[in-house]
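Here is a quick tour for anyone meeting this structure for the first time. Take a look at the sequence and the model, then read on.

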Amino acid sequence: MKTLERDVQADQRSIALIAEMIHTASLVHDDVIDDASSRRGKHTVNKIWGEKKAVLAGDLILSAASIALARIGNTTVISILTQVIEDLVRGEFLQLGSKENENERFAHYLEKTFKKTASLIANSCKAVSVLGCPDPAVHEIAYQYGKNVGIAFQLIDDVLDFTSCSDRMGKPTSADLKLGLATGPVLFACQQFPEMNAMIMRRFSLPGDVDRAQQYVLQSDGVQQTTYLAQRYCHEAVREISKLRPSPERDALIQLSEIVLTRDK
């Protein structure tokens, strides 16, 4: 019995490694797409070795993750984690597009946020629960916890793009605006400053658009509204995970959701 428990824990640790490899590969590829030169204060792979080698490096990391996933040998877990890779690609396509209608635009933003960020966390949590427990209700709790924490994490990341200095973030601030992306703070600000609509549709491509949009965001309550939305997602994550019986692990997951809200980089 002890050996079986150790095997399950080893497979669960493998899920964590696989999730991190998928995440890392996606960042390497993202930096190529965005032509980014720095990440977390370090030069990106494409900056040091060029685009071709960066693409191949991302592919290599994904292939290593696939081999590790196959070794676990659980078809349900394989299906869950391959969904993450599909969602990452679909999320990138969503990010390349934009919506004219304001309501559609926010739904589009949240769908993109789920696919590019939260799906990895939600499905990793679910995969770990599948290995440790046969109860589908527990799998759904794990999934919903990860989904809500993941969306909150990205919302706070989008806030920090406006509120944190470059040195702390390890990347230039207003990076999303420079990439033509309208994130939560921008979309909320647009409700107060409708003149931002034209800038959003042209993806902040005209001279002065980025600076003007940044000023509109800081003059609006866009940052506060996005932070409040992140809090709502974290509260939902806590509500979900609180359905499980009390344990130090459950407490750690509740604490993690609080850390997501208070991080500053």
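## Rings that pair up

Two rings of Phe, Tyr or Trp (for Trp, the six-membered ring) count as a pair if their centres lie within 6.5 Å. Go by that rule, and the count comes to three aromatic pairs. Keep in mind that this is a predicted model.

One of the pairs is Phe106 with Tyr109: the ring centres are 5.6 Å apart and the planes sit at 75° to each other. Planes over 60 degrees apart count as edge-to-face, so that's the label for Phe106 and Tyr109. Are Phe106 and Tyr109 buried or exposed? Phe106 is buried, and Tyr109 is buried too. Ring pairs also bring in Phe188, giving a cluster of Phe106, Tyr109 and Phe188.

## H5 meets H9

Now for the helices around those rings. Helix H5 covers residues 102-132 and helix H9 covers residues 184-192; their axes come within 11 Å and cross at roughly 165°. An angle over 145 degrees counts as roughly antiparallel, and so H5 and H9 are described that way. Their crossing is left-handed.

Which residues do the touching? On the H5 side there are Glu102, Arg105, Phe106 and Tyr109, and on the H9 side Gly184, Leu187, Phe188, Cys190 and Gln191. Sorted by class, the residues of this H5 and H9 contact are five nonpolar, two polar and two charged.

## H9 also meets H12

H9 has another partner to look at: helix H12, residues 222-241. The axes of H9 and H12 come within 8 Å and cross at roughly 125°. That angle makes H9 oblique to H12. This crossing is right-handed.

From H9, the residues in this contact are Gly184, Pro185, Phe188, Ala189 and Gln192. They meet Gly222, Val223, Gln225, Thr226 and Leu229 in H12. The class count for H9 with H12 is five nonpolar, five polar and no charged residues.

## A look at Asp264

Where does Asp264 sit? You'll find Asp264 in the segment after helix H13 (248-262). Asp264 is partly exposed, as its relative accessible area is 38%.

Definitions and conventions:
Residues numbered from 1 in each chain as written. Predicted model: local features only at pLDDT ≥ 70, side-chain atom pairs only at ≥ 80, totals over all residues. Heavy atoms only, no water. Axes fitted to C-alpha atoms, helices over the stretch in contact; angles between N-to-C directions. Helix = DSSP H or I, 4+ residues; strand = E, 2+ residues; numbered from the N terminus. Parallel < 35°, antiparallel > 145°, perpendicular 65-115°, else oblique. Left-handed = near helix turned anticlockwise from the far one by under 90°. Contact = heavy atoms within 4.5 Å. Nonpolar A, V, L, I, M, F, W, Y, C, P; charged D, E, K, R; others polar. Buried < 20%, exposed > 50% of the residue type's maximum accessible area, 1.4 Å probe, protein only. Phe/Tyr/Trp six-rings, centres within 6.5 Å; stacked < 30°, edge-to-face > 60°.
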